[in-house]
Amino acid sequence: MNKSKLVYWISTGLFSAFMLFSAYGYFTDPTFKEAFTYLGYPDYFRIELAIAKILGTLVLLFPFLPRVLKGFAYAGFTINLVGATVAHLAKGEGISSLTLIFIAALLVGISYFYQPKKTV
């Protein structure tokens, strides 16, 4: 396995784990429910976002899916991360509250730029 593929799979694996853990938390952890309420989102959005994160993660992890589909997953995750950043900053939280969002954005960016160029 060459260096680019290794970087791709490590970044994609870490990002996917991050998204799956957060999706699981959206379903099971009352703290996430409180966080969505605090940010001003309706409760159903938490469920929709968890489902979208699971589906997007599956798209990124299955290498046989078309690159265009992966592009939609990357776009969706980017929109999610930008939206989370705006929501936290709009609540007056400091930049330090964005540490996990920044790490996730870094991982998804690395994953995107190192994805194999081969299309299905």
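Arg46 is buried, with a relative accessible area of 8% (buried means under 20%, exposed over 50% and partly exposed in between, with a 1.4 Å probe and protein chains only). The model is predicted, so local features need pLDDT of at least 70 and side-chain atom pairs count only at pLDDT 80 or more, while totals for chains, interfaces and linings use all residues. Residues are numbered from 1 along each chain as its sequence is written, and side-chain values use heavy atoms, with hydrogens and water left out.

**Salt bridge**

- The structure holds one salt bridge, a term for a side-chain nitrogen of Lys or Arg within 4 Å of a carboxyl oxygen of Asp or Glu.
- Arg46 pairs in a salt bridge with Asp43, and their closest N and O atoms are 2.8 Å apart.
- Both residues belong to helix H3 (residues 43–61), where they are three residues apart, about one turn of the helix; helices are DSSP runs of H or I with at least four residues, numbered from the N terminus.
- Asp43 is partly exposed, with a relative accessible area of 34%.

**Packing of H1 and H3**

- The axes of helix H1 (residues 3–28) and H3 come within 9 Å and cross at roughly 155 degrees, where axes are lines fitted to C-alpha atoms over the stretch in contact and angles run from 0 to 180 degrees between N-to-C directions.
- That angle makes H1 roughly antiparallel to H3, since angles over 145 degrees count as such.
- Contact, meaning heavy atoms within 4.5 Å, involves residues including Trp9 and Phe15 of H1 and Arg46 and Ile54 of H3.

Methods
Helices (H or I, at least four residues) and strands (E, at least two) are DSSP runs, numbered from the N terminus. Angles under 35 degrees count as roughly parallel, over 145 as roughly antiparallel, 65 to 115 as roughly perpendicular and the rest as oblique.
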